[in-house]
Amino acid sequence: MNNTPDLLEIKIQEAKAGLSTETVNAIAAVDWKAAILPLRSKYGYTFEQLGDLELETELLLCGLVSAEDYPKELSNRMKISETATNELVHEMNNQIFEKIREELIKSAEKRKIFAKSSTEEKKTRDTDIFKSAGIEIIPDLPAVPSAQLMQAGKLELAGEVHPIVAQKLS
């Protein structure tokens, strides 16, 4: 009894669990398994070769095979020439990997927009809370040390000042 596929499936599931939510969603958004089937009629691959292609692609997508090793693994498993492998990798890049990359970019852009709008909403909400308490927020004043303000004549100490405070501010 051969348990290799079961062990491999466990490794794949563990690797997928380690991927970010955005990556998993981007991969799920592209029906990459369905994109493999038409390659049978286009290139004349057998169903066994397509199964090997699907497995190696899944290993690549979950990070168990590096992008550098992917062509070599395809060539060895599918028993195809280097030229055929390069053509297949190019086809996979156009049909699958670029679409997944586009999904990742869309996800990142949505995340940026959401983060920006939620930050702006928080600022507005905080400003409203302060205004209701009679506090006005003056936006983005430059930080100027009080000693510089005293030298410029814009800060004066009123009343009796402890000598140490006067010394620190002068």
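**Entry 1. The H5/H6 pair**

I began with two helices, H5 and H6, which pack at an angle of about 155° with their axes 9 Å apart. Angles over 145 degrees count as roughly antiparallel, so I put H5 down as roughly antiparallel to H6. I noted the crossing of the two as right-handed. The model is a predicted one, and I read every value here as computed from it.

Next I listed the residues that make this contact. From H5 they are Gln 49, Asp 52, Leu 53, Leu 55, Glu 56, Thr 57 and Leu 60. From H6 they are Tyr 70, Glu 73, Leu 74, Arg 77 and Met 78. I picked three of the H5 residues, Leu 53, Thr 57 and Gln 49, to follow up.

**Entry 2. The whole chain**

I stepped back to count elements. The protein has nine helices and zero strands, and from the N terminus the order reads α-α-α-α-α-α-α-α-α. I looked up burial too: of the 170 residues, 20% count as buried. For contacts with a separation of 6 or more, I found that 54% are between residues 24 or more positions apart.

**Entry 3. The core and Leu 53**

Which residues have the most contacts inside the largest nonpolar core? I found Leu 53, Tyr 70, Leu 88 and Met 92, in a core of 26 residues. The elements giving two or more residues to this core are H1 (4-17), H2 (21-29), H3 (32-36), H5 (47-61), H6 (70-78) and H7 (82-132). H5 provides the largest share, six residues.

I then took Leu 53 by itself. Apart from neighbours within four places in sequence, Leu 53 is in contact with Ile 36, Leu 39, Tyr 70, Leu 74, Met 78, Leu 88 and Met 92. Among these partners, Tyr 70, Leu 74 and Met 78 were already on my list for the H6 side of the helix pair.

**Entry 4. Thr 57**

Thr 57 is also in helix H5. Is Thr 57 buried or exposed? I have its relative accessible area as 0%; the cut-off for buried is under 20%, so Thr 57 counts as buried.

I checked what the side chain of Thr 57 meets, and found a polar contact of 2.7 Å to the side chain of Tyr 70. Tyr 70 is one of the residues with the most contacts inside the core. With neighbours within four places in sequence left aside, the contacts of Thr 57 are Trp 32, Ile 36, Tyr 70, Met 92 and Phe 97.

I noted a relative accessible area of 15%, so Gln 49 is buried. Its side chain reaches the backbone nitrogen of Thr 46 at 2.9 Å. Not counting residues up to four places away in sequence, Gln 49 touches Gly 44, Met 78, Lys 79 and Ile 80.

I followed Ile 80 from there. Ile 80 is in the loop between H6 and H7, and at 12% relative accessibility it counts as buried. How far apart in space are Ile 80 and Gln 49? I read 9.3 Å, C-alpha to C-alpha, for a pair 31 residues apart in sequence. Beyond residues up to four places away, Ile 80 touches Tyr 45, Gln 49, Leu 74, Ser 75, Thr 85 and Leu 88. One of these, Leu 88, is also among the core residues with the most contacts.

**Entry 5. Lys 79**

Lys 79 turned up as a contact of Gln 49, and I found it in the loop between H6 and H7. Its relative accessibility is 72%, so I recorded Lys 79 as exposed. Phi of Lys 79 is near 55°, a positive value in a residue other than glycine. I flagged this because most residues other than glycine have a negative phi.

**Entry 6. Val 24**

Last, I looked at Val 24, which lies in helix H2. At 35% relative accessibility, Val 24 counts as partly exposed. The residues it touches, leaving out those up to four places away in sequence, are Lys 16 and Leu 19. I also checked Val 24 against Ile 100: the two are 76 residues apart along the chain, and their C-alpha atoms are separated by 9.8 Å.

Terms used:
Residues numbered from 1 in each chain as written. Predicted model: local features only at pLDDT ≥ 70, side-chain atom pairs only at ≥ 80, totals over all residues. Heavy atoms only, no water. Core = buried A, V, L, I, M, F, W, Y, C linked by side-chain atoms within 4.5 Å. Buried < 20%, exposed > 50% of the residue type's maximum accessible area, 1.4 Å probe, protein only. Helix = DSSP H or I, 4+ residues; strand = E, 2+ residues; numbered from the N terminus. Contact = heavy atoms within 4.5 Å. Polar contact = N/O pair within 3.5 Å; in protein donor to acceptor, adjacent residues only side chain to side chain. Axes fitted to C-alpha atoms, helices over the stretch in contact; angles between N-to-C directions. Parallel < 35°, antiparallel > 145°, perpendicular 65-115°, else oblique. Left-handed = near helix turned anticlockwise from the far one by under 90°.
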